[in-house]
Amino acid sequence: MHLGMPAADWDLFQSLHAVLEGGSFSAAAKLRGLTQPTLGRHIEALERQLGSPLFVRSPRGIQPTELALRLRPHLGDMAAAAAAAMRDATGAADGDSGVVRVTASEVMGVEVLPGILAEFREANPTIDVEVVITNRNEDLSRREADIAVRMARPTQSTLVARKIGVLGFGFYARPEYLQRRGVPESLDHLDGHTLIGYDTRAPTVPGGIQIDRPITRDLFSYRTDNDAAQVAALKAGVGIGVCQHQIARRAGLTQVLPGSFRFELETWVCMHENLKASRRMRLMFDHLVDGLSRYIAEGKA
C-alpha cells in the first residue's frame, strides 16, 4: 500500500466501504448517491493507488479480495467517525439542536421506542432523531450510535449507563387462536399448536429462563429470525409465541402457561462518557430513562 496518499482519497475509500456493505456496485452507488460508472471508477482508481485488486469479478457477482477484507474494519471505524463528526457539526455541544442517533433491538425499536421518541420530537422539534434497529450491539466507543437501549448490562468502562429495570416475558397468543385451537394445559399440550420461534439463528438464552424442555429449532412450526416479525405473527394470530408482558397487554393477547415459561431481561440506557457535555445528548438520555421507566412500570400495574 502506498503511503502519503492525498486527502481526496477518502472519497475513494468511502466507495470501497459502500461496496463492502452493499455487496454490489449497484447497491453501493445507491448508498453513496452516485452513478454506477462513477462508483466503478472510484474502485478502479483505488486499486491503482493500492497496487492490488480489491474485488474478483465472476458470473455470481463480486467477491472481496483479502486486501479488501483487511481494510473493512478500518473503513467501518472511519465511516462511523465521519458520521459522528457530521452529527456533532449539526449543533453546538451546549445547544438543543442537531442530531441524536439511537440504537435499540428489533422489538424495542419497533414496538416500544416509537411512542417514546414521538414525545421527544414533540418536546424538542429542533433535534433530529436517527434510529438504528439491530440486535447487534452497536459500538458506542466508535460512535456507531450516540445512545443505546440495551437488554443486558454494558461492559465498557467508558460508558455512562443507567439501569431502568427488568422486562418480563412469557408465552402469549391471540384469544381467537386459543378459541380455535384450545388452551394448552401443560408444555406437553403444545405439540399440537403452532409455536412461533427462530429459524437459523438460535437466540441467546437468558440465564433466568425457566422451561422444562430443550429449546431447539424443531420445536417451532412458524420460524423467522426477525424478533419483530415474530411479534407481528403473534399479533396476527398465527400461534403461540414469546412476548414482553407490556407488548402483549397493549395488543390484547392472552398469556399461556404462565407457571411453566418465563424469563426476564434487564433494560439499560447507555452513552459514551464524552457525550455528557452535549445538551441534546443529555436531553435524549434523560427522556429515554423516563419513557422506559414508565413503560416498565406498566408490567407492574
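Is Leu257 buried or exposed, and what is its relative accessible area? Leu257 is buried, with a relative accessible area of 8% (buried is under 20%, exposed over 50%, partly exposed in between, with a 1.4 Å probe and protein chains only).

This is a predicted model, in which local features need pLDDT of at least 70 and side-chain atom pairs count only at pLDDT 80 or more, while totals for chains, interfaces and linings use all residues. Residues are numbered from 1 along each chain as its sequence is written, and side-chain values use heavy atoms, without hydrogens and water.

**View 1. Leu257 in its loop.** Leu257 lies between β10 (254-256) and β11 (263-272); strands are DSSP runs of E of at least two residues, and helices are runs of H or I of at least four, numbered from the N terminus. Leu257 is not a glycine, yet its phi is positive, about 50 degrees. Most residues other than glycine have a negative phi.

**View 2. The largest nonpolar core.** This core (buried Ala, Val, Leu, Ile, Met, Phe, Trp, Tyr and Cys residues joined through side-chain atoms within 4.5 Å) has 51 residues, and Leu113, Leu288 and Leu292 have the most contacts inside it. Helix α9 (residues 279-298) gives the most to this core, with 8 residues. A second, separate core of 20 residues includes Phe13, Phe25, Ile43 and Phe55.

**View 3. Surroundings of Leu292.** Leaving out residues up to four places away in sequence, Leu292 touches Met108, Val112, Leu113, Ile116, Val149, Ile164, Thr267 and Val269 (contact is heavy atoms within 4.5 Å).

**View 4. Buried residues of α9.** Among them are Arg280, His287, Gly291 and Tyr295.
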